[in-house]
Amino acid sequence: MPASYAQPAASAPYHHGDLRMELLRVCREQLRSGGLNAISLRKAAQVIGVSHASPARHFADKRALLTALAAQGFAEAAQALHSTHPDPDCRDDLQAMCERYVAFGLREPDLYALMAQPKLIDLSDPALAGPRNACFLALMAAVAGSLDGAADDLEGRTVALWSFLHGFVMLTESGVFGHDHAGTAATPCLAALLPHVRSGICRTPSR
């Protein structure tokens with residue numbers, strides 16, 4: 001082959017650093033700005049400056065992409081739950097964790113909603129299951145720490161707590177808590193509700 005012969009540029013190997021993370025970053029911005037309907041791998045590829053076929057190397061379909069985004073969400077929620085409380089004098093781990101979890105959900109409402117969409121994401125994906133379980137274990141540790149002495153059914157109590165937190169985030173974000181029956185502002189304060197939640201999850205179940 002003559003030395004002057006050059007291969008077409010299209011046949012050259014593709015290099016872009018971490019394309020997977022770039023796609024997630026752009027699609028995350030799409031989610032923030034326009035919700036689930038705005039997410040498009042094709043448009044993300046265009047923004048990044050790669051071919052429309054390139055994303056298929058990292059995400060087989062949109063479900064795989066949404067699962068990866070949800071995994072990011074659970075990882076960030078787990079990180080928030082494990083972070084240090086801003087008030088060094090605060091010894092109430094349960095309240096601190098609840099506040100951090102709710103703050104995450106309200107800060108990333110569309111991502112948070114996606115994390116609870118089993119029809120859109122693959123809950124069995126190990127990359128998602130790991131951080132999701134980390135969230136549960138962190139909350140369970142806080143529940144255990146709030147109990148006096150040994151208690152049974154820690155998992156059930158943690159599910160009850162997580163259910164409350166999830167409902168609080170979703171109802172607050174949707175505006176349901178925005179008004180009472182008379183039409184006046186009635187957004188409940190998480191700190192005011194936590195004593196009721198604590199009394200419920202710490203109570204010995206009646207037989």
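**Helix α4.** I started with helix α4, residues 93-107, in this predicted model. Its 15 residues at 1.5 Å each should span 21 Å, and I get 21 Å between the end C-alpha atoms, so the two agree.

Next I looked up which α4 residues are buried. My list reads Leu94, Ala96, Met97, Cys98, Arg100, Tyr101, Val102, Phe104 and Gly105. What covers them? I find that the cover includes α3 (62-82), α5 (109-114), α6 (126-146), α7 (154-174) and α8 (190-202).

**Aromatic pairs.** I searched the whole structure and got 4 aromatic pairs. I took Tyr101 and Trp162 to begin with: the ring centres are 6.3 Å apart and the planes sit at 90°, over the 60 degree cut-off, so I logged the pair as edge-to-face. Tyr101 belongs to helix α4 and Trp162 to helix α7, so this pair ties together parts 61 residues apart in sequence.

Are these two buried or exposed? Tyr101 has a relative accessible area of 3%, so I put it down as buried. Trp162 comes out at 17%, which is under the 20% limit, so it counts as buried too.

I then checked Phe164 and Phe168, a tilted aromatic pair with 6.0 Å centre to centre and 45° between the planes. Both lie in helix α7, 4 residues apart, which is about one turn of the helix. Residues three or four places apart on an α-helix point the same way, because there are 3.6 residues a turn. Phe164 is partly exposed at 22% relative accessibility, whereas Phe168 is buried at 6%.

**Cluster.** Last, I followed the ring pairs and found that they link Tyr101, Tyr112, Phe136 and Trp162 into a cluster.

Methods. Residues numbered from 1 in each chain as written. Predicted model: local features only at pLDDT ≥ 70, side-chain atom pairs only at ≥ 80, totals over all residues. Heavy atoms only, no water. Helix = DSSP H or I, 4+ residues; strand = E, 2+ residues; numbered from the N terminus. Expected span 1.5 Å × (residues − 1). Buried < 20%, exposed > 50% of the residue type's maximum accessible area, 1.4 Å probe, protein only. Contact = heavy atoms within 4.5 Å. Phe/Tyr/Trp six-rings, centres within 6.5 Å; stacked < 30°, edge-to-face > 60°.
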